Amino acid sequence: MTDIVLKSRLAKRPIQEPTAWDRLKVNKNWLGLWFMVPAAAILILFLAYPLGLGVWLSFTDAKIGRSGVFVGLENYEWLWDDSTFLLSVFNTILYTTVASVIKFAVGLYLALLLNERLPFKAILRAVVLIPFIVPTVLSAIAFWWIFDPQFSIISWSLKKMGLITTNIDFLGDVWNARWSVIFANIWRGVPFVAITLLAGLQTVSPSLYEAATIDGATPWQRFRFITYPLLTPIIAVVMTFSVLFTFTDFQLIWVMTRGGPVNATHLMATLSYQRAIIGGSLGEGAAISTAMIPFLLAAILVSWFGLQRRKWQQGESND
Amino acid sequence: MTDAFVQKVSDPKAVLTASAPGPDSSEGMSYLDSLPRRLVTLYLPLGIILAVLLFPFYWMALTSVKPDEQLLDFETYSPFWTWNPTFKHIYKLLFETDYPLWLMNTMLIATCATALSIAASVLAAYAIVRLRYKGAQWVGGAIFLAYLVPPSILFIPLSTVVFQYGLFDTPFALILTYPTILIPFSTWLLMGYFKTIPFELEECALIDGASRWQILTKIVLPLAIPGLISAFIFCFTLCWNEFIYALTFISSTQYKTVPVAIVTALVDGDVYRWGSLMAGAMIGSLPLVILYAFFVEHYVSAMTGAVKE
């Protein structure tokens, strides 16, 4: 029976030399090109091109509805003498540093706690992540209400406890507003740090801790000489992401304070929105955005070397 | 502490079974800590952190069902509980504002952008990992870099681009720009998943005469379904969460998404607006929380996978 099948096949399809088209159809580079087209089209049209355009816009005096002419470094010179811009740089650095450090500390602590033997561990882990799931804007509105100058539940509770006598003006006072938005950012960022670090912790073998305990290591020594070194690579990556997203934050500030009071909480991102979209000076706004790029590059470099380090630690070659 | 230890030693069988490699639910070293100690070092801090993390949601939900007279009066009524909840705010939100329309917009934009991104990412990830065309590694690196470009430095030039393409103030402005955030992420995630699928399966299919397209749709995709779900959930959440593009590219109220509409259209001078604002925030988060509740594992693996790869 197989003979018959074979014979009929052979009769139907004589052996032929593959044509150029056949060769092309299995050519990896040709196929790869077509597979990449949809992603590449979107990323080039809506990411790479605007990125370049943004740098170009920062050298022009473009306004909304009017394409500008090349003005060289004028926008940057202008910004250099602009106290609001300098204040926003200060705010951004303060916001990023304080929030990232606390997010890391609390996140790591929470991860260590969740790594213990606990009842309902899965549910706890799921609940911890909820602040990260809920859209930032919506939780920012909740914080706006919690930080209300007159009807803040925090002020009320502190007054009932007899700790303060007048309401705290959370978002109306310069430093109060800064700490309030930093708190909201930490609140939102801790779950991300904690859950990703927890995933890293779960890969650490318990036998290492058992061996160290037998050798008489204290809990601090176990953390310092086992957990921390094994966790370093993932910490590098998580913190790079965290710093990156904190540095370029927009939503939280925009909802809670719009950069006020007296520009005290303006970050570079919110200031660029205000100048470019509300004020209409696209060129100046683009210059503020472009000024964020050096910081971004620094974060990317840290992340890159963090990843490299992870590979050789696992004994893999760098591919 | 000692009790547990004595009990263990007095029962040699238990010691033997305990030392055998078991599931992760084994006691480990935690028997070294006594209960009071665990209370102070573990449950207490955990409880405090959880309370802080969850309080805003409780406050949100409570405010959205409080009657007006209790909303601002903390003295006569206890602020932390209400005995006569009302659906007035939610009713007002759903039937007297455009809120359902905004929900539909958000849902539509998030679904379309996610579907588009996943389709593009599957092809790109497969090509990078398995076709290994010339320069695939460099393209993979470039996509990772694209992941690190934040929307807040792109929105100004993008607004002029969107205007040039004639997309300004249409849902397409968002459906086409959200993938710039989603594609790098989901490509990176799917690359990780595709790498775990044995190459031998594909070789067999190739020998049997399958084309690359057939291999992708009939072998790789069915095996990568958990990865696809992870990518889908995470992308959907990101879309729902996105704010700055939606704020910049959409100006008419009927096309707005929930986060933008709440901030721009729902905020008015009314003292009692907090009720409907909180209701809006709560209803806007619910779809995501429900989705998340069903796919926690996928979501976590997406989040940690993107970092670990």
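Q: Why does B:D169 count as partly exposed?
A: In this predicted model, B:D169 has 13 C-beta neighbours inside 10 Å. A residue is buried with 20 or more other C-beta atoms within 10 Å of its own, exposed with 12 or fewer, and partly exposed in between, with C-beta atoms placed from the backbone. B:D169 is therefore partly exposed.

Residues are numbered from 1 along each chain as its sequence is written, and chains are lettered from A and ligands numbered from 1 in the order in which they are written. Because the model is predicted, local features need pLDDT of at least 70 and side-chain atom pairs count only at pLDDT 80 or more, while totals for chains, interfaces and linings use all residues.

Q: Where is B:D169, and what is its phi?
A: B:D169 sits in the loop between helix 8 (151–164) and helix 9 (171–177) of chain B. Helices here are DSSP runs (H or I, at least four residues), numbered from the N terminus. Its phi is near 65°, positive in a residue other than glycine.

Q: What makes A:R258 partly exposed?
A: A:R258 has 16 other C-beta atoms within 10 Å, and so it is partly exposed. The residue lies in the loop between helix 13 (251–256) and helix 14 (268–278) of chain A, and its phi is positive, about 55°, although it is not a glycine.

Q: How do you know whether B:F236 is buried or exposed?
A: B:F236 has 23 other C-beta atoms within 10 Å, so it is buried. B:F236 belongs to helix 13 of chain B. Leaving aside neighbours within four places in sequence, B:F236 is in contact (C-beta atoms, placed from the backbone, within 7 Å) with B:A110 and B:T114.

Q: Why are helix 6 of chain B and helix 13 of chain B called oblique to each other?
A: Helix 6 (residues 99–131) and helix 13 (residues 225–241) of chain B pack at an angle of about 140°, with their axes 9 Å apart. Axes are lines fitted to C-alpha atoms, for helices over the stretch in contact, and angles run from 0 to 180 degrees between N-to-C directions. Under 35 degrees is roughly parallel, over 145 roughly antiparallel, 65 to 115 roughly perpendicular, and the rest oblique. The two helices of chain B are therefore oblique. Their contact includes B:A110 and B:T114 of helix 6 and B:F236 of helix 13.

Q: How many residues of chain A are in contact with chain B?
A: 72 residues of chain A are in contact with 76 residues of chain B. Helix 3 (residues 28–57) of chain A gives the most to the chain A side, with 18 residues.

Terms used:
Contact = placed C-beta atoms within 7 Å.
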